[in-house]
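Student: I would like to learn how to read the packing and the charged pairs of a protein model. Please take the features one at a time.

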Amino acid sequence: LEFLAPELLADRDFILAAVKCNWEILEFLPKHFSNDREVIMAAVSQSNSALRLASEELRGDRELVLSSVQKGFGALRYAAPKLLADREIVAAAVQQDVHCLRQADKSLQDDKELILSAVRANGSALQYASQRLRNDQEVVLEAVGQSGHALDFASDALRGERQVVLKAVRENKGAMA
């Protein structure tokens, strides 16, 4: 962009059109464009990774972040901390990648419905659940039924439960290893 005419660099409509062609140019634009909602939304519509180039203010924009996490995994890590407690945003991120629970607020790591949904998709999501839910037989049975190795993340008490261990072994013979 160093060879770009200054008048084009100052032309918001041109910049918006350029970002719509290739969101990655956002990295090389003047910083004020990182706070332009329309420009960032155009970038996020192409790649959820574009959220990393948004201003702090826009990383707190619920609609923008929700759009970004719905596109694919990884975007949640760029969201403002307040949005890590937003159930709808975290649930959308978890649908893309259960490991997003790592970034979720503790209150959502203790949300039984959300954790059940996650462990049904990938039993290893149990590692991000609260201690209370790691000790919940229903949650743990779902997790080990999906992945026997989820037994590693269950509470000590449930790792000693016959039904839980048998279900884990049924799913994966190496679950007891």
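Tutor: Start with the core. In the largest nonpolar core, which has 61 residues, Val19, Leu26, Val69, Leu76, Val90, Leu101 and Leu126 touch the most other members. A nonpolar core is a set of buried Ala, Val, Leu, Ile, Met, Phe, Trp, Tyr and Cys residues joined through side-chain atoms within 4.5 Å. Buried means under 20% relative accessible area, exposed over 50%, and partly exposed in between, with a 1.4 Å probe and protein chains only. This is a predicted model, where local features need pLDDT of at least 70 and side-chain atom pairs count only at pLDDT 80 or more, while totals for chains, interfaces and linings use all residues. Residues are numbered from 1 along each chain as its sequence is written, and side-chain values use heavy atoms, leaving out hydrogens and water.

Student: What does valine 19 touch, leaving aside residues up to four places away in sequence?

Tutor: Valine 19 contacts Ile25, Leu26, Leu29, Val39, Ala42, Ala43 and Gln46; contact means heavy atoms within 4.5 Å.

Student: How many salt bridges are found in the whole structure?

Tutor: Side chains of opposite charge can pair when their charged atoms come close. The search finds 15 salt bridges, each a side-chain nitrogen of Lys or Arg within 4 Å of a carboxyl oxygen of Asp or Glu. One of them joins aspartate 36 and arginine 12, at 2.6 Å from N to O. Aspartate 36 sits in the loop between α2 (12-21) and α3 (37-44) and arginine 12 in helix α2, so this pair ties together parts 24 residues apart in sequence. Aspartate 36 is buried at 14% relative accessibility, and arginine 12 is partly exposed at 30%. Arg12, Asp36 and Glu38 are linked in a network of salt bridges.

Student: Where do the partners of the aspartate 61 and arginine 37 salt bridge lie?

Tutor: These side chains meet at 2.7 Å, N to O. Aspartate 61 is in the loop between α4 (56-59) and α5 (62-71), and arginine 37 is in helix α3, so the pair ties together parts that are 24 residues apart in sequence. Aspartate 61 is buried, at 17%, and arginine 37 is partly exposed, at 31%.

Student: How many residues apart are aspartate 156 and arginine 159 in helix α11?

Tutor: They are 3 residues apart in α11 (residues 156-159), about one helical turn. Aspartate 156 is exposed at 59%, while arginine 159 is partly exposed at 34%.

Student: How many disulfides are counted?

Tutor: A disulfide is a covalent bond between the sulfur atoms of two cysteines. With a disulfide taken as a pair of cysteine sulfur atoms within 2.5 Å, the count is 0. Cysteine 21 is exposed at 68% relative accessibility, whereas cysteine 100 is buried at 4%.

Methods
Helix = DSSP H or I, 4+ residues; strand = E, 2+ residues; numbered from the N terminus.
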